[in-house]
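The sequence and the structure are shown first, and the description follows.

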Protein chains: 2
Amino acid sequence: MEGLEQVLRSIKPTAASEKQERRFVDQVLEKLRRQVKGAKVALAGSFAKGTFLEGDKDVDVFVLFKHNVEKEALEGIVKGAVENAFPGAFYQIAYAQHPYVRVFLQGRKIDVVPAYEASHGRHFELKSAVDRSQLHTEYILEKMGQRQKDEVRLLKKFLKSNHLYGAEIRVQGFSGYLCELLILKYGTFSKAMKNISEWKERTFLAVEGEAKPGAMEKFETPLVVLDPVDADRNVSAVVSSANYFALIALARAFLSSADKAGFFSKKALSAAALKKLVGKRNAYCIVFPAPKIVDDILWGQVRKFYSTLSCAMKKEGFEILGCSMDRCNGSVCIAFELLNSELPENKVIYGPPLRYRADCEKFAAHYTNGQLLILEGRLAALAKRKVRTPEQFLGKIRALPAPSHLSSAKYAKLYKGAAAIKNCMQVLQQYFSVQSR
Amino acid sequence: MEGLEQVLRSIKPTAASEKQERRFVDQVLEKLRRQVKGAKVALAGSFAKGTFLEGDKDVDVFVLFKHNVEKEALEGIVKGAVENAFPGAFYQIAYAQHPYVRVFLQGRKIDVVPAYEASHGRHFELKSAVDRSQLHTEYILEKMGQRQKDEVRLLKKFLKSNHLYGAEIRVQGFSGYLCELLILKYGTFSKAMKNISEWKERTFLAVEGEAKPGAMEKFETPLVVLDPVDADRNVSAVVSSANYFALIALARAFLSSADKAGFFSKKALSAAALKKLVGKRNAYCIVFPAPKIVDDILWGQVRKFYSTLSCAMKKEGFEILGCSMDRCNGSVCIAFELLNSELPENKVIYGPPLRYRADCEKFAAHYTNGQLLILEGRLAALAKRKVRTPEQFLGKIRALPAPSHLSSAKYAKLYKGAAAIKNCMQVLQQYFSVQSR
């Protein structure tokens with residue numbers, strides 16, 4: 001497809017930069033190997049598979065233990081190994097399904113993940129959920145040629161530029177492995193776009209051959225991509241419905257656009273376009289100080305908090321159209337869009353069903369000002385809304401029960417319009433990239 | 001119960017007035033009998049059963065034909081009989097399930113209804129739906145003592161004063177026969193109030209003994225009262241859900257009030273109370289000239305028109321809490337209440353599901369101003385509402401498709417507040433009597 005070769009040249013690491021990265025990674029592996037004698041140390045992720053982009057600074061290393069090592073011992077061994085291998089380096093203990101060590105070295109973020117050595121095959125025993133990653137690396141290395149790796153790079157960059165890349169809980173988007181499987185399935189980036197543009201309400205994919213009857217139906221997500229190394233697993237389980245449909249619309253826009261390269265640029269949404277959208281639509285940003293915890297936990301808790309927040313706002317009568325979240329200037333920022341910035345004057349307060357006579361009398365005693373009526377067999381009261389705008393709701397947002405690390409939510413600020421762009425440009429770009437067409 | 005005897009004295013016809021009414025009715029029957037030799041002429045309704053109120057001016061007369069008379073001939077025979085019996089009197093041809101003649105004589109409205117003579121018993125053949133009325137009259141005359149007839153009078157007057165009396169389509173309330181059955185079931189007016197105040201979401205009643213298993217379940221209305229002369233029939237089929245719950249609430253208010261007699265006065269809702277309610281709540285009146293047709297047809301068509309109207313308003317976003325309808329100053333008046341008098345600024349226009357790609361492109365071509373987004377797999381557009389108030393919606397109301405006799409709806413006026421009270425006092429009283437507590 002015209003223009004894509006040029007895009008590829010800008011995102012594919014040069015031979016020199018690839019050599020430099022390899023050398024760095026090899027040193028990391030070597031230092032770790034010296035510390036953990038009984039276990040294998042293996043590169044994983046996009047570096048191992050050769051699908052990384054120029055400028056990627058995230059390295060995944062697996063420390064693979066024999067099955068006779070106790071699960072509880074893994075964290076301590078890996079932590080000790082990192083401390084000894086990289087004395088003085090800053091590191092964190094992070095948690096996905098199990099603890100791992102995140103260490104920062106020469107501008108790179110290296111995740112050192114303990115796991116059990118896995119043997120290939122349909123019925124291998126997974127002692128730890130991340131053990132599967134080794135099999136993913138082996139599978140991609142076995143099945144994927146060099147040219148297809150470049151197609152993966154295009155797809156990854158395309159998704160990144162449009163805020164749809166990444167399986168982490170903050171994004172709920174498309175993982176690197178999912179990109180690789182989509183390219184294996186469809187052949188090239190262009191063919192993937194064409195196929196994705198035709199996706200319906202739900203899409204079921206098996207990378208090789210057909211799925212067994214019933215294999216797809218047990219999953220409930222809009223996109224189901226069976227894992228070729230474990231057919232019980234849906235690789236796209238975390239992809240949100242909003243992101244699924246956003247990708248379909250994006251693929252269509254890409255196919256019909258003359259400026260293909262524009263879809264790979266860092267700011268898919270220009271500042272002018274953003275300003276116009278913020279002026280027309282009721283986007284708000286909730287901002288509060290970010291606690292110093294690893295991202296996985298942070299965004300897990302922010303999602304939980306947003307769930308509480310959005311339920312409370314819906315209950316109040318606000319109609320929320322969508323949300324995005326990210327850091328802005330070191331703070332947590334949740335962008336959300338409301339259909340209306342002001343709710344109507346009155347609301348209905350539903351009381352008990354008429355059959356509960358004593359409860360009805362208690363309810364009626366609160367609403368003595370000509371407000372009572374019966375709606376569908378329930379006593380109800382008409383009342384003026386005390387809260388009609390998100391600004392008036394901010395006090396309630398600050399008082400919402402927050403997850404353990406988000407006590408700073410009680411200092412939440414609310415931005416709209418120009419102030420929102422000033423303070424939360426990036427997350428608004430992300431929101432409107434995904435949620436406006 | 002204290003005060004009820006006094007109420008009864010004011011609503012029960014005196015011996016003198018009853019004698020006068022009887023004489024009038026006997027003359028009517030005699031004149032009709034001379035015209036229809038082969039058929040029986042029988043008094044029906046509350047005059048026949050002795051449960052009429054002082055001032056009642058509605059007389060029901062049945063002309064009972066043998067089963068060998070053709071159905072198609074009935075209307076002509078009865079019409080001819082009325083013309084000959086009451087030369088020069090104004091009459092109309094009216095329709096319930098079948099045509100009948102409504103004639104106006106000396107300030108009374110007399111319905112002369114052709115029907116087939118019915119024989120008592122579970123399996124008699126009903127050639128006409130109204131034939132059942134003869135059996136109702138016989139049943140009440142057989143089962144009900146004089147004192148209970150006075151209790152029926154109290155219940156009827158209570159319902160009339162609170163706008164819940166009458167099975168006609170305009171009211172969807174409680175018929176005279178239903179009042180009689182409720183008194184037979186519960187014994188007295190006071191006991192009926194106590195029982196009604198305990199009614200739940202649905203109430204199933206068989207006047208004598210228990211209903212056969214399953215006899216009640218086939219009906220879907222909140223109140224089911226089996227007809228003792230035809231156990232397949234629900235006497236309260238027309239009672240609306242709103243009226244059912246209004247009666248329960250009213251019975252409770254009656255039982256706990258010190259001013260029992262007040263519930264029987266003509267204006268259960270004072271002018272001051274009405275003014276206060278209209279000031280607080282968003283009541284509107286749609287008014288248009290009444291066509292000169294009989295009430296049964298008129299209100300059937302007005303209900304149909306209101307159904308179209310309320311659907312259109314709901315689709316626009318208005319939340320309707322209830323309605324009443326009646327004549328006001330010779331015009332048709334529909335009163336309805338809105339939760340809010342102004343809708344919010346924006347609305348969502350739902351487009352096609354994303355899977356219909358060509359339709360989506362057409363839809364998107366209409367909304368090019370940063371308005372598009374995807375909601376639950378459908379393309380959608382955000383747009384400013386053009387109609388935010390009922391006043392702005394009046395043009396659309398006038399343009400709604402109206403039933404055959406309601407072409408005058410295109411001249412509909414809309415009143416609110418003081419103007420509504422001035423033009424539509426009676427129907428607003430009716431509305432708030434039923435719909436406010």
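## Charges over rings

The model described here is predicted. In chain B, the charged end of B:Arg170 is placed over the ring of B:Trp299, at 5.9 Å from the centre of that ring. In chain A, A:Arg170 lies over the face of A:Trp299, and the distance to the ring centre is 5.9 Å.

## Aromatic pairs

Over all chains, the aromatic pairs number 34. One of them joins A:Phe254 and A:Phe263, whose ring centres are 5.5 Å apart; their planes meet at 85 degrees, which is over the limit of 60, so the pair is classed as edge-to-face.

Both partners of this pair can also be described by their accessibility. A:Phe254 has a relative accessibility of 0% and therefore counts as buried. A:Phe263 has a relative accessible area of 15%, and because this is under 20%, A:Phe263 is buried as well. A:Phe254 and A:Phe263 also belong to a cluster linked by ring pairs, together with A:Phe158, A:Phe189 and A:Phe264.

## Relation of the two chains

Chain A is superposed on chain B by a rotation of 180 degrees, with a shift of 0.0 Å along the axis and an RMSD of 0.1 Å. The two copies are therefore related as by a two-fold rotation axis. Both copies use the same surface, since 100% of the contact residues of chain A recur in chain B.

Which residue of chain A comes closest to the rotation axis? That residue is A:Pro344, with its C-alpha at 3.0 Å from the axis.

## The interface

Chain A contributes 44 residues to the contact, and chain B contributes 44 residues. The area buried between chain A and chain B is about 3700 Å², and carbon and sulfur atoms give 53% of this area. On the side of chain A, the residues that lose the most area to chain B are A:Arg252, A:Arg355 and A:Arg357, which together account for 17% of what that side buries.

A:Arg357 also takes part in a salt bridge with B:Glu198, in which the closest N and O atoms are 2.6 Å apart. Between chain A and chain B, the count of salt bridges is four. Polar contacts across the interface of chain A and chain B involve 20 residue pairs, with both residues of each pair at pLDDT 80 or more.

Conventions: Residues are numbered from 1 along each chain as its sequence is written. Chains are lettered from A and ligands numbered from 1 in the order in which they are written. This is a predicted model: local features need pLDDT of at least 70, side-chain atom pairs count only at pLDDT 80 or more; totals for chains, interfaces and linings use all residues. Side-chain values use heavy atoms; hydrogens and water are left out. Rings of Phe, Tyr and Trp (its six-membered ring) pair if their centres lie within 6.5 Å; planes under 30 degrees apart count as stacked, over 60 as edge-to-face and the rest as tilted. Buried means under 20% relative accessible area, exposed over 50%, partly exposed in between (1.4 Å probe, protein chains only). A charge sits over a ring if NZ of Lys or CZ of Arg is within 6 Å of the ring centre and within 35 degrees of the ring normal. Copies are superposed by least squares on the C-alpha atoms of residues with pLDDT of at least 70 in both. Contact means heavy atoms within 4.5 Å. Buried area is the accessible area (1.4 Å probe) that two parts lose on being put together, summed over both. A salt bridge is a side-chain nitrogen of Lys or Arg within 4 Å of a carboxyl oxygen of Asp or Glu. A polar contact is a pair of N or O atoms within 3.5 Å; within protein, one must be able to donate a hydrogen and the other to accept it, and residues adjacent in sequence count only if both atoms are side-chain atoms.
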